[in-house]
Amino acid sequence: MGDGGALAFFKFANPQDEELFGPKMPASPFHHIALNVDAETQQAIEKRLAAAGYKEPQTFVLEHGYCRSVYVNDPNGLILEFTLDSPRAQQINRDRRASAHADLKRWMAGDHTSNNTYR
């Protein structure tokens, strides 16, 4: 990775090893890895996915308001999300930090109105 870090992905040659070590997680869009990228990297990823024949639902884009996300299912079924922050990300982060406790209190009290007003 650009910062010198790394992510490790495993694929076992032996199906019995795969069965033994591969955690069985229920299918959910909430089980995924999100990586923040710049605009050039996100565009390059989208071009490579298109060139490789990826189409919906294997890949799709969501405009969250605070970021734009490109999602793709890898060959093992892991969902990868490549996020590009909104140009307003610093202000959005300041706003969310300023109201985080009040937002959580409101949510826990049963008011589940979204605090994402950026879409």
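Analyst: The account below starts with the pocket and then turns to the salt bridges.

This is a predicted model, in which local features need pLDDT of at least 70 and side-chain atom pairs count only at pLDDT 80 or more, while totals for chains, interfaces and linings use all residues. Residues are numbered from 1 along each chain as its sequence is written, and side-chain values use heavy atoms, with hydrogens and water left out.

The second largest pocket has a volume of about 190 Å³, a volume being the space filled by probe spheres set on grid points that are joined across faces, edges and corners. A pocket here is an open set of points on a 1 Å grid over the protein atoms alone, where a 1.4 Å probe fits, with protein on both sides within 12 Å along at least five of seven lines, and lining residues have an atom within 4 Å of a point. The lining consists of Tyr66, Cys67, Asp85, Ala89, Ile92, Asn93, Arg96, Ser114, Asn115, Asn116, Tyr118 and Arg119. Helix α3 (residues 89–108) supplies the largest share of this lining, four residues, helices being DSSP runs of H or I with at least four residues, numbered from the N terminus. By class, five of the lining residues are nonpolar, four polar and three charged, where Ala, Val, Leu, Ile, Met, Phe, Trp, Tyr, Cys and Pro count as nonpolar, Asp, Glu, Lys and Arg as charged, and the others, Gly among them, as polar.

Arg96, one of the lining residues, forms a salt bridge with Asp103, with the closest N and O atoms 3.4 Å apart; the term requires a side-chain nitrogen of Lys or Arg within 4 Å of a carboxyl oxygen of Asp or Glu. Arg96 is partly exposed because its relative accessible area is 24%, whereas Asp103, at 15%, is buried (buried means under 20%, exposed over 50%, and partly exposed in between, with a 1.4 Å probe and protein chains only). Asp103 also pairs with Arg106, where the closest N and O atoms are 4.0 Å apart. Arg106 and Asp103 are three residues apart in helix α3, so about one helical turn separates them. Arg106 is partly exposed, with a relative accessible area of 23%. Through salt bridges that share partners, Arg96, Asp103, Arg106 and Asp111 are joined into one network.

The count of salt bridges comes to five. Among them is the contact between the side chains of Glu46 and Arg68, at 2.9 Å from N to O, which links distant parts of the chain, Glu46 in helix α2 (residues 39–51) and Arg68 in strand β3 (residues 67–73), 22 residues apart.

How values were computed: Helix = DSSP H or I, 4+ residues; strand = E, 2+ residues; numbered from the N terminus.
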